[in-house]
Amino acid sequence: MAKRFVSIWFRHLTTDWFTVRQPELKDVPFVLRAPSRGRMLIMASNEIAERKGAKVGMALADARAVLPELQALDYKPELIDDLLKRIAEWSIRFTPVVALDPPDGILLDVTGCSHLWGGDESYLNDIVNKFNSHGYGVSVAIADTIGVAWGVARFGKQSHVVPEDMHFNALLPLPPQALRVEPVVVDRLHKLGLRQVKQFINMPRASLRRRFGQHFMMRLNQAIGLDIEVLEPIEPIEPYQERLPCMEPISTLTGIEIALNKLLEALCFRLREDQKGLRTAIFKCYRIDGKVEQITIGTHRPSHYVKHLFKLFENKLSTIEPALGIELFVLEAPKVEDHLSQQEAMWEETGRLEDPRISELIDRIAGKVGSEAIHRYLPDEHYWPERSFKLATSLDEKPTTTWRSDKPRPLQILKIPERIEVTAPIPDYPPMLFIYKGKRHAIVKADGPERIEQEWWLQQGQHRDYYRVEDEEGSRYWLFRLGHYHDKTYQWFIHGFFA
Amino acid sequence: MQTAKNDIISKLQTDILRLQGFKQERGNNSLDAGLGTIIKSFPNSTFPVGCIHEFLSQKKEDATATTGFVAGLINSLMLNSGAALWISSSRTLFPPALKAFGIQPDRFIFIDLKRERDVLWAMDEALKCGALSVVVGEMQNISFMESRRLQLAVEQSQVTGFILRNNLNKVNTTACVSRWNITSLPSEEIENLPGIGFPKWKVELLKVRNGKPGTWNMQWMNGKFAPIYRAPVITHLERKQAG
């Protein structure tokens, strides 16, 4: 499909911003000033001021001489970036691919979008009307290449809709500035009397490159469509995303549920076709007042089962505040994994970990108490007890090594080993008695020591000598001595309980 | 005449059990879990699955012995392929140690919650999921109403639930099918070698619905239960007579 691009040019971006906030400025000429080399320069002027001669770059004093009623406000350099970014985010309602075009424009990749609005003409009209209603004056153009759309938006005299494959013709009457080249090159072209693209576009390439440089050639090629220009979207495009614009703003729970169900069905259909399942999903609601409400869910196993996913969202739907209404619903799946659906049937009746009912149960529990509460462990190749197992990332992850059972390990373990008082007869012998929580345990039987060294590449410290002991009541404990007996710095700890 | 009478009585007993919800047709006769004579205490001489068992323990040491005994039961319930849930608000279980009881620790899903109220909720949810083999919940207190709720949940799904009541301070009536108390006993020497022998416990079945309570000594040996017959076995009745 042929690419289509829209360039939006904000004629008076910063001054419009001030006018929106201070409506009384609407009918007065005003400029934004900033100090530069000891004088005040005009950084931006509104439409009236510009028409009356207060141009950007003039000294404020000069402009005041021409236009005594001129008002001046302080320029905010940090405003532009922030403002442009916010506008770009807002423009996602027109197309998913929106890129910034500093200092005063944005670019949209609208390939396959405008037919939803009933054609290019009404699409552009809608964009202009939406921006005008928010108080921003814009000039908009649509074309097959970014270069031509950009040029036509700023310098186009006739229609701003450049039909498909007509971008070359549209480029011809434009001035050289429309090619987005440096001012030096524009000056040089003017000096040579080249005031329209058509005057030089058919000149030999080699001489154009020699005279005006590589950058100029690149811009020219991009405008014609010989070079491909890539937009950098402000929001990376999720490969699995579904959108549902609404004709009327939605503000009821039933409406949101219907929208969510529709999006889930569309997304799950695509996932099923690709044999994928989603691990996380984000449901975004774009409100008409410009705010975005969103809820996120996660699953423990890739899933494309609408009913289950809907249930996960359902618990959180009440947190969405529709306020005046929601005009666009977007469902994204940022994390998808392979999921072969025909395997489900095989495991339907057996009570195994692979059973989808288990992952659905876990998702339900995680939805209420948070997924950080759910743990599954896999063996890890470490002797150090605290590191002998690791957290599994999913229910499907298989152990890469076997669980060891050659050394005795306690069934219950203390998260942090606790200090105990010990009487031990001779070095490397198990203790005779120990005192834990004020209770004296006389040791009858003991096994050990099992020395576990620190893994120096992970952690520094002393080794542990573990003893398995049994007291006269028959309770079995796991004790260890930290450090060498003859060091005088050793300490005894209790670490666990045996069955 | 006598045999005919006995037949009628045993038939009536099975009928009563069936009416009370103890079904035999699920073919779980195979599950004797190596419990030996203990199995005779249960209705139909089979370990009741698809219901809730309650284990009491006061001390950490006893709680560990209980965990060991429960792990042995889970081993035979999971049959090497099932999945189990361990729900707790104060878990100290060391997953790799389960391997010693024949369980693959990665077949366990641990749910560590902050509040005990959530444990009850999660347990209720989990017990309704027929895909699980076992659900273990660690909690301090459970009221009769709450235990009844759990019992109702398993009656549909036939999942077996174990409630481990640690740090017990008050014993109350519950709707659980059985109530156990496991305490550790000094281990026996293996062939007169020094050191610690196999885990050994005193298993007290304090209460079992439609069965006979009793006390046994038991070891966990080479991956299965090994009841000790030569040790003096004090039954509930005898203890009552003595006391």
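Is Asp118(B) buried or exposed? At 10% relative accessibility, Asp118(B) counts as buried. The model is a predicted one.

**Chain B overview**

- Chain B has 5 helices and 9 strands.
- Read from the N terminus, the order of elements is α-β-α-β-β-α-β-α-β-β-β-β-β-α.
- Chain B counts 243 residues, and 56% of them are buried.
- Take the contacts in chain B between residues at least 6 apart in sequence: 68% of these join residues at least 24 apart.

**Asp118(B)**

- Asp118(B) sits in helix α3 of chain B.
- Its contacts reach into chain A: Asp118(B) touches Lys368(A) and Val369(A), along with Leu113(B), once neighbours within four places in sequence are set aside.

**Helix pair α3(B) and α4(B)**

- Helix α3 of chain B spans residues 116-127, and helix α4 of chain B spans residues 144-157.
- Their axes come within 8 Å and cross at roughly 20°.
- The two helices α3(B) and α4(B) are therefore roughly parallel to each other, since angles under 35 degrees count that way.
- The crossing of α3(B) past α4(B) is left-handed.
- On the α3(B) side, the contact is made by Leu120(B), Met123(B), Asp124(B) and Leu127(B).
- On the α4(B) side, Glu146(B), Arg149(B), Leu150(B), Ala153(B), Val154(B) and Ser157(B) take part.
- By class, the residues of the contact between α3(B) and α4(B) are 6 nonpolar, 1 polar and 3 charged.

**Helix pair α11(A) and α12(A)**

- Helix α11 of chain A covers residues 253-273, and helix α12 of chain A covers residues 306-317.
- The pair packs at an angle of about 145°, with axes 10 Å apart.
- α11(A) and α12(A) cross in a right-handed sense.
- From α11(A), the contact draws on Leu253(A), Ile256(A), Glu257(A), Leu260(A), Asn261(A), Leu264(A), Glu265(A) and Cys268(A).
- From α12(A), the partners are Val306(A), Leu309(A), Phe310(A), Phe313(A), Glu314(A) and Leu317(A).
- The contact of α11(A) with α12(A) holds 10 nonpolar, 1 polar and 3 charged residues.

- Helix α8 of chain A runs over residues 183-191, and helix α10 of chain A over residues 205-224.
- The axes of α8(A) and α10(A) come within 10 Å and cross at roughly 140°.
- α8(A) and α10(A) are therefore oblique to each other.
- The crossing of α8(A) past α10(A) is left-handed.
- Val185(A), Arg188(A) and Leu189(A) of α8(A) meet Arg211(A), Phe212(A) and Phe216(A) of α10(A).
- This contact of α8(A) with α10(A) divides into 4 nonpolar, no polar and 2 charged residues.
- Leu208(A) also lies in α10(A).
- Leu208(A) is buried, at 1% relative accessibility.
- Leaving out residues up to four places away in sequence, Leu208(A) touches Phe200(A), Met203(A), Gly213(A), Phe216(A), Met217(A) and Leu220(A).

**Cysteines**

- A disulfide is a covalent bond between the sulfur atoms of two cysteines.
- The structure holds 0 disulfides over all chains.
- For Cys51(B), the closest cysteine sulfur is in Cys176(B), 9.1 Å away, so a bond is ruled out as too far.
- The cut-off for a disulfide is a pair of sulfur atoms within 2.5 Å.
- For Cys129(B), the closest cysteine sulfur is in Cys51(B), at 18 Å, which is too far for a bond.
- Cys51(B) is buried at 3% relative accessibility, and Cys129(B) is buried at 6%.

- Lys437(A) is not a glycine, yet its phi is positive, near 50°.
- Lys437(A) lies in the loop between β17 (433-436) and β18 (439-452) of chain A.
- Lys437(A) is exposed, with 68% relative accessible area.
- Asn222(B), also not a glycine, has a positive phi of about 50°.
- Asn222(B) lies in the loop between β8 (214-221) and β9 (224-228) of chain B.
- Asn222(B) is exposed, with 63% relative accessible area.

Methods:
Residues are numbered from 1 along each chain as its sequence is written. Chains are lettered from A and ligands numbered from 1 in the order in which they are written. This is a predicted model: local features need pLDDT of at least 70, side-chain atom pairs count only at pLDDT 80 or more; totals for chains, interfaces and linings use all residues. Side-chain values use heavy atoms; hydrogens and water are left out. Axes are lines fitted to C-alpha atoms, for helices over the stretch in contact, and angles run from 0 to 180 degrees between N-to-C directions. Helices (H or I, at least four residues) and strands (E, at least two) are DSSP runs, numbered from the N terminus. Angles under 35 degrees count as roughly parallel, over 145 as roughly antiparallel, 65 to 115 as roughly perpendicular and the rest as oblique. A crossing is left-handed if the near helix is turned anticlockwise from the far one by less than a right angle, and right-handed if clockwise. Contact means heavy atoms within 4.5 Å. Ala, Val, Leu, Ile, Met, Phe, Trp, Tyr, Cys and Pro count as nonpolar, Asp, Glu, Lys and Arg as charged, and the others, Gly among them, as polar. Buried means under 20% relative accessible area, exposed over 50%, partly exposed in between (1.4 Å probe, protein chains only).
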